[in-house]
Amino acid sequence: DAVAFEINHIHLKAPDPRRTAEWYVEAFGFEIVSDTVRSVGDRRLNCMSPGGLVVNISSERDGETMADGDAGSHWGLEHFGVNSDDLLADIERLGALGAPVLEGPIDIPGGNLVAFVQGPDDVRIEVVQNR
């Protein structure tokens with residue numbers, strides 16, 4: 001029998017994890033659950049999205065050198081998506097929080113209205129209005 005897997009968490013890296021976590025609190029209603037410095041030297045904030053997804057945000061670990069983020073389309077983990085009841089209002093609100101629109105709004109025929117924004121630390125975020 002196949003084992004059903006569910007996503008355990010998403011982990012974001014940020015030079016100032018507290019500032020980044022606070023942006024997600026304001027932008028998407030995340031809750032900061034904990035804020036610690038771990039034995040590997042990084043500051044890590046555990047957050048919870050309103051839908052119950054754990055999103056961890058941490059700085060670099062001792063001896064770790066971080067590459068720049070990339071909010072453009074790319075191979076690998078490319079973006080994560082959030083639901084919206086009013087995409088146009090939300091991308092305007094997110095723009096005021098410093099998240100410019102990268103793509104869209106895109107009206108997918110027979111589907112959703114979507115847009116991609118650039119979040120803190122060059123994270124690509126898809127905003128999805130289900131129809």
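I found the charged end of arginine 124 over the ring of phenylalanine 116, 4.3 Å from the ring centre. I count a charge as over a ring if NZ of Lys or CZ of Arg is within 6 Å of the ring centre and within 35 degrees of the ring normal.

A note on what I am reading: this is a predicted model, where local features need pLDDT of at least 70 and side-chain atom pairs count only at pLDDT 80 or more, while totals for chains, interfaces and linings use all residues. Residues are numbered from 1 along each chain as its sequence is written, and side-chain values use heavy atoms, with hydrogens and water left out.

Next I searched the whole structure for aromatic pairs and got 6. Rings of Phe, Tyr and Trp (its six-membered ring) pair if their centres lie within 6.5 Å; planes under 30 degrees apart are stacked, over 60 edge-to-face, and the rest tilted. Tyrosine 24 and phenylalanine 80 make a tilted pair, with 6.2 Å between centres and 35 degrees between planes. This pair links distant parts of the chain, 56 residues apart: tyrosine 24 is in helix H1 (residues 17-28) and phenylalanine 80 in strand S5. Helices (H or I, at least four residues) and strands (E, at least two) are DSSP runs, numbered from the N terminus.

**Then the pockets**

On a 1 Å grid over the protein atoms alone, a pocket is an open set of points where a 1.4 Å probe fits, with protein on both sides within 12 Å along at least five of seven lines; lining residues have an atom within 4 Å of a point.

The largest pocket has 24 lining residues, and Leu12, Lys13, Gly69, Asp121 and Val123 lie nearest its centre. Strands S1 (9-13) and S8 (123-129) each give two or more residues to that lining. S1 has the largest share, 5 residues.

For the second largest pocket, 17 residues form the lining, with Phe30, Ser49, Pro50, Val82 and Asn83 closest to the centre. S5 gives the most here, 4 residues.
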